[in-house]
Amino acid sequence: MKRLFLVSAIAAASVSMTACGGGGGGGGGTDKPEGDPVTGDPVGGGSADGTVRIQKTGKAVPKEEANLGRTSGIWLSRYEIYGEGAPRESGESAEPIEYSTQISSVRYVSDDEVIVDDCDTEAPVTLTLEAFKDTLNEKDEYVDADPSELPCNGEMEYEYFERSDTDYRVEMVCRGELRGMSEMKQISSQTEYNQGSLSFVADRGENLTTNGGVCGYIENVPPDDDNPFSNSGIIELVAPYQNTKIELFIETNTELQEGVFEVDGFGDAGSMTADVALEIASNDDEDEEGDDEDDDSEDEFDPYVQGGSLNIESVDAYRASGSFDLILDDESRVQGNFSLDLQ
């Protein structure tokens with residue numbers, strides 16, 4: 001699934017706040033980093049206890065006037081959702097209950113050519129600068145929607161702040177209350193990914209050991225009061241593999257936390273189970289007609305995971321590491337390690 005740069009964080013936050021809701025309770029089981037690598041402040045730009053101080057940061061600018069898109073490099077985008085909104089001007093704290101962190105590679109060529117390579121197995125996309133900025137505004141997606149199904153009944157306000165050409169913040173305000181925020185910051189002037197490592201040994205196929213070209217995505221969603229099965233955590237890594245890419249996708253049946261998970265899909269609510277997938281991106285050259293003569297080769301590596309175990313050794317909003325021992329559908333095994341650092 002292609003996640004367009006930045007808009008995924010803002011749109012996901014908006015959808016989660018349908019009808020100005022957002023659920024209650026704080027996220028448990030995940031230790032936040034002491035310092036926020038995006039802002040340099042305590043997590044959420046607030047106090048050391050992890051809560052978020054409502055504060056305007058940077059210069060308020062219309063989206064159209066923001067300089068976003070003209071600076072090449074690796075960009076980190078992060079969103080947080082607050083279950084209990086606080087008055088926008090009160091300076092009170094808000095507790096983040098959901099977060100997501102991802103990175104994208106952006107290469108500015110001209111106002112007519114901005115190349116965006118999101119961290120996935122799909123090809124980069126080329127946008128005009130104007131179209132690139134439009135990805136920041138998902139309101140057009142809801143043109144024909146019922147107002148009662150819209151975030152904040154369609155009254156959500158998006159306020160853009162520019163700290164610098166490489167540092168932006170978007171605040172989501174519902175009737176005067178801060179409901180969520182997204183931050184986007186350049187973390188490297190290079191456009192090549194180098195945010196982690198992935199290695200494995202397979203009974204079949206080519207083994208992998210790499211720390212170059214690795215990128216990833218981390219998301220944590222707490223349980224909804226009305227649906228205990230709604231909580232989940234996601235860790236995703238993408239790395240070069242042979243002449244294409246491979247994706248390690250992990251989805252836990254609990255909020256992200258350290259521990260050993262049984263790989264067998266989703267079990268009972270709160271159980272330590274996980275879905276794990278290894279997906280090799282298709283290679284366009286090999287997909288051309290006449291190039292599929294080896295598709296049935298015994299050496300073909302088609303890693304469909306049916307079981308095994310996953311050990312998450314450490315995890316927070318920006319970092320994850322662990323190991324896995326996966327059983328494929330042909331009973332062969334893949335054993336390996338991963339690390340991710342989105343800074």
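Tutor: Two strands count as paired if DSSP finds at least two bridges between them. Bear in mind throughout that this is a predicted model.

Start with strand E8, residues 157-164. E8 pairs with strand E2, residues 59-60, in the antiparallel sense, and two bridges join them. In that pairing Lys59 stands opposite Glu162 of E8. E8 also runs antiparallel to strand E9, residues 167-174, and here seven bridges are found. Two residues lie between E8 and E9, and the two strands form a hairpin. Glu162 takes part here too, standing opposite Tyr168 in E9.

Tyr168 leads on to the aromatic rings. Four aromatic pairs turn up in a search of the whole structure. One of them joins Trp75 and Tyr168: the ring centres are 6.2 Å apart and the planes stand at 35 degrees, so this pair is tilted. Trp75 belongs to strand E3, residues 73-87, and Tyr168 to strand E9; the pair links distant parts of the chain, 93 residues apart. Trp75 and Tyr168 are both buried.

Another tilted pair is made by Tyr241 and Phe301, with ring centres 6.4 Å apart and planes at 55 degrees. Tyr241 is in strand E14, residues 232-241, whereas Phe301 is in the loop between helix H3 (284-287) and strand E18 (305-315), so this pair ties together parts that are 60 residues apart in sequence. Tyr241 has a relative accessibility of 1% and so counts as buried. Phe301, at 11%, also counts as buried, because the cut-off is under 20%. Ring pairs link Tyr241 and Phe301 with Phe200 into a cluster.

Phe200 brings us to the nonpolar cores. The largest core has 42 residues, and the members that touch the most others are Phe200, Ile235, Leu248, Leu310, Phe324 and Phe338. Strand E14 gives the most to this core, with five residues. Take Phe324 as an example: neighbours within four places in sequence left aside, its contacts include Leu198, Phe200, Leu248, Leu310, Val334 and Phe338. The contacts of Phe324 also include Ser199, Ser309, Gln335, Gly336 and Asn337.

Next comes the disulfide. The structure holds one, formed by Cys119 and Cys215, with their sulfur atoms 2.1 Å apart. The torsion about the S-S bond of Cys119 and Cys215 is about 95 degrees, so the disulfide is right-handed. Cys119 is in the loop between strand E6 (113-118) and strand E7 (125-127), and Cys215 is in strand E13 (residues 215-221); the pair links distant parts of the chain, 96 residues apart. Cys119 and Cys215 are both buried.

Strand E13 also holds Gly216. Gly216 has a relative accessible area of 0% and is therefore buried. With neighbours within four places in sequence left aside, Gly216 is in contact with Cys119, Gln102, Ile103, Glu236, Leu237, Leu340 and Leu342. The C-alpha atoms of Gly216 and Leu340 are separated by 6.7 Å, although these residues are 124 residues apart along the chain.

A few single residues remain. Arg179 is in strand E10, residues 177-188. Its relative accessibility is 11%, so Arg179 counts as buried. The side chain of Arg179 makes a polar contact of 3.0 Å with the side chain of Glu177.

Two loop residues have backbone angles to note. Gln242, in the loop between E14 and strand E15 (244-252), has a phi near 55 degrees, a positive value in a residue other than glycine. Glu331 has a phi near 75 degrees, again positive in a residue other than glycine. Glu331 is in the loop between strand E19 (319-328) and strand E20 (333-341). With a relative accessible area of 55%, Glu331 is exposed, because the cut-off for exposed is over 50%.

Terms used
Residues are numbered from 1 along each chain as its sequence is written. This is a predicted model: local features need pLDDT of at least 70, side-chain atom pairs count only at pLDDT 80 or more; totals for chains, interfaces and linings use all residues. Side-chain values use heavy atoms; hydrogens and water are left out. Helices (H or I, at least four residues) and strands (E, at least two) are DSSP runs, numbered from the N terminus. Buried means under 20% relative accessible area, exposed over 50%, partly exposed in between (1.4 Å probe, protein chains only). A polar contact is a pair of N or O atoms within 3.5 Å; within protein, one must be able to donate a hydrogen and the other to accept it, and residues adjacent in sequence count only if both atoms are side-chain atoms. A disulfide is a pair of cysteine sulfur atoms within 2.5 Å. Rings of Phe, Tyr and Trp (its six-membered ring) pair if their centres lie within 6.5 Å; planes under 30 degrees apart count as stacked, over 60 as edge-to-face and the rest as tilted. A nonpolar core is a set of buried Ala, Val, Leu, Ile, Met, Phe, Trp, Tyr and Cys residues joined through side-chain atoms within 4.5 Å. Contact means heavy atoms within 4.5 Å.
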